[in-house]
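Please keep the model open while you go through these notes. They run from confidence to folds, then to single residues.

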Amino acid sequence: MRISALIKRIFQQLLRDKRTLALLFVAPLLILSLMYVMFNGNNSEPVLGVVNIDDKLVDTLKEIDIEIEKFEHVTNPEQTILDYELDGLLVSQGEQMDLTLANSDPTSSKALQMKVNQVIALQAQENLVSQLPTLSEIPKMELETNYVYGSDDTVFFDVLSPILIGFFVFFFVFLISGIGLLKERTTGTLERLLSTPIRRGEIVTAYLVGFGIFAMIQTVIVVFFAITVLDVTLEGSIWNVLIINLLLALVALSLGILLSAFAASEFQMVQFIPVAVIPQIFFSGIIPLEGMATWLQAIAKIMPLYYAADALKGVMYQGLGFTDIIQNLLALVIFAVIFIILNVFALKKYRAL
Amino acid sequence: MTQSVEIRNISKRFGKKVVLNEVDMAIKGGSIYGFIGPSGAGKTTLIKMIVGMDSPDHGSIEVLGTKMPNLKLLQDIGYMAQSDVLYTELTGKENLAFFASLYQLNRAQTEERIAYTSKLVNLTDDLNKKVALYSGGMKRRLSLAIALIQNPKILILDEPTVGIDPELRLAIWNELIRLKSEEGKTIIVTTHVMEEAERCDYIAMVRDGRILTRGTPNELKEAYHARNFDEVFLHAGRAKQ
């Protein structure tokens, strides 16, 4: 009954705090949409300047969405690229072809280079065939690509979004629950609470349930928004996605409450973000873990987000089932239990009992 | 009357600073006991130990015959902290109802106690306002109402009348005295205000973690040949040095 009184109070307080509610429910959707738009944006067509290139090659290049600007004579390729804002310049001098790239963005430069290379190779092959008619009987080699996960429509966002969903749930729940209990500490109401016959465990339970319900609502909104509105790939079951996120929210909740014991102000609570939250992003699988040093991989194992991101990616992108992710879920449960027990001890600072 | 609170030889230090030094005290049930002393004297620490929020390094405290800290006993102790600790997003009534449910009052009791305590501190008309809109004095009064919400046997008030106007202060003191004499409650008060000290049954003057002197207001005045409490306090302080 004391627990329900505390939960009721947390609800009353949070429901009247419109800004915090907005942060909890609207901010993750906003950021998720923003990232979706950014990662899915159609890349603008690269602009390639050409000098002395025959029309056939130019047409092939145009076919694969490369914008072509023809130049009669170029003395300084670098300067031409800068002057005409080109992405690259292809100059033919007899047998030799020179490609100069702007390389302001390495990824798109590589892509342009590859395309140009392919087109030139293809043309060279065709020229060869036309000169030696016997060769035309050789079957044309074609490469067909198949995918274990996703398809050729897969974009980076599809791989990234499961991790992002997990991260937003973790981050916002961590921040709001941490500051929620911190406020109770700094205003002295926590001390006042402990002068009543309430048990420490009851306070921790009430906070977990009270903020947990908000975290649950947030999780459901974020997951449904990502899947229905943003059309993020979901191969596995949505229930598994919800279970992972709810467990992650519980970890974030208990960690936030716990760390608030070591912060003297809201400002100090925010200082925990670069220490306790940001490093988790690096180990969540955005950067492939396999390439990391062994000791770095070991660090990943103590990050809750690592397990959640792994499970989320498994379910949403690879279509894994419940039994495949059970180890990750177990890891999250262990984190939550440890943090919750530590919480009950951390409250000892206020009352011996 | 039996002893309500027994403090046996307690000492407490925070780091190197000795906050309480071998304090002994027995507080009779059904009396008003005043702790008087400058800020930093150790009054609040002593009070927190009686409530069980702090534990002494040495010595022991018994409340109603049970050793503190004890969770069950907190049901019988109403506590008003020195600074107002209230939930400012909630209304006065919601604050009262919240604490009432922490003490596990049922609905009828809650209604009744909210009506009684809010009338006592003259907040009945402002119960549905958010505490954020309260004035300093109103917050103080609400804190007092919360301390009384579960009808405790022992009332511990840390500077209850700071920021309350003289008329209401008088009304509150009259009510405290009524609670003592009619309902037999034990009331422990800390105060700076010397006129309030005179209304207590017993007084302990606290300074530098020690009890300088104690007794009924008249005993103290006689002992130090003083006309008022300011003088008692000054004389007692000098005598010790």
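1. **Ground rules.** This is a predicted model, in which local features need pLDDT of at least 70, side-chain atom pairs count only at pLDDT 80 or more, and totals for chains, interfaces and linings use all residues. Residues are numbered from 1 along each chain as its sequence is written, while chains are lettered from A and ligands numbered from 1 in the order in which they are written.

2. **Confidence overall.** The model scores ipTM 0.83 and pTM 0.78. Average pLDDT (the predictor's confidence in each residue, from 0 to 100) is 85 for chain A, with 96% of the residues at 70 or above. For chain B the average is 86, and 98% of the residues score at least 70.

3. **Confidence by element.** Helices (H or I, at least four residues) and strands (E, at least two) are DSSP runs, numbered from the N terminus. In chain B, the lowest mean among the elements is 74, for helix α8 (residues 229–240), and the highest is 94, for helix α2 (residues 92–102). As a reminder, where pLDDT is low, the predicted coordinates should not be read in detail.

4. Buried means 20 or more other C-beta atoms within 10 Å of a residue's own, exposed means 12 or fewer, and partly exposed lies in between, with C-beta atoms placed from the backbone. Buried residues of α15(A) include A:Asn328, A:Leu332, A:Phe335, A:Phe339 and A:Asn343. What covers the buried residues of this helix includes α9 (200–229), α10 (238–260) and α14 (304–316) of chain A.

5. **Domains of chain A.** The assignment, automatic or from a database, gives domain 1 (2–39 + 151–349) and domain 2 (47–137). Their C-alpha centres lie 50 Å apart.

6. 23 residues of chain A are in contact with 23 residues of chain B. On the chain A side, α1 (2–16) and α8 (189–193) each supply at least two residues. The largest share, six residues, comes from α1(A). By class, that side has eight nonpolar, seven polar and eight charged residues. Ala, Val, Leu, Ile, Met, Phe, Trp, Tyr, Cys and Pro count as nonpolar, Asp, Glu, Lys and Arg as charged, and the others, Gly among them, as polar.

7. **A:Ile165.** This residue sits in helix α7 (residues 156–186) of chain A. A:Ile165 is buried because 28 other C-beta atoms lie within 10 Å. Leaving aside neighbours within four places in sequence, A:Ile165 is in contact with A:Val222, A:Val223, A:Ala226, A:Asn245 and A:Leu312. A:Val241 is 76 residues away in sequence, yet 9.7 Å away in space, C-alpha to C-alpha.

8. **B:Ser11.** Strand β1 (residues 3–14) of chain B holds B:Ser11. With 15 other C-beta atoms within 10 Å, B:Ser11 is partly exposed. Not counting residues up to four places away in sequence, B:Ser11 touches residues including B:Leu20, B:Asn21, B:Pro56 and B:His58. B:Arg210 is 199 residues away along the chain, with 9.5 Å between the C-alpha atoms.

9. **Two positive phi values.** Most residues other than glycine have a negative phi. A:Asp231 has a positive one, near 60 degrees. A:Asp231 lies in the loop between α9 and α10 of chain A and counts as exposed, with 12 C-beta neighbours inside 10 Å. The phi of B:Asn151 is positive too, near 55 degrees. That residue is in the loop between α4 (136–148) and β7 (154–158) of chain B. B:Asn151 counts as partly exposed, with 18 C-beta neighbours inside 10 Å.

Terms used. Contact = placed C-beta atoms within 7 Å.
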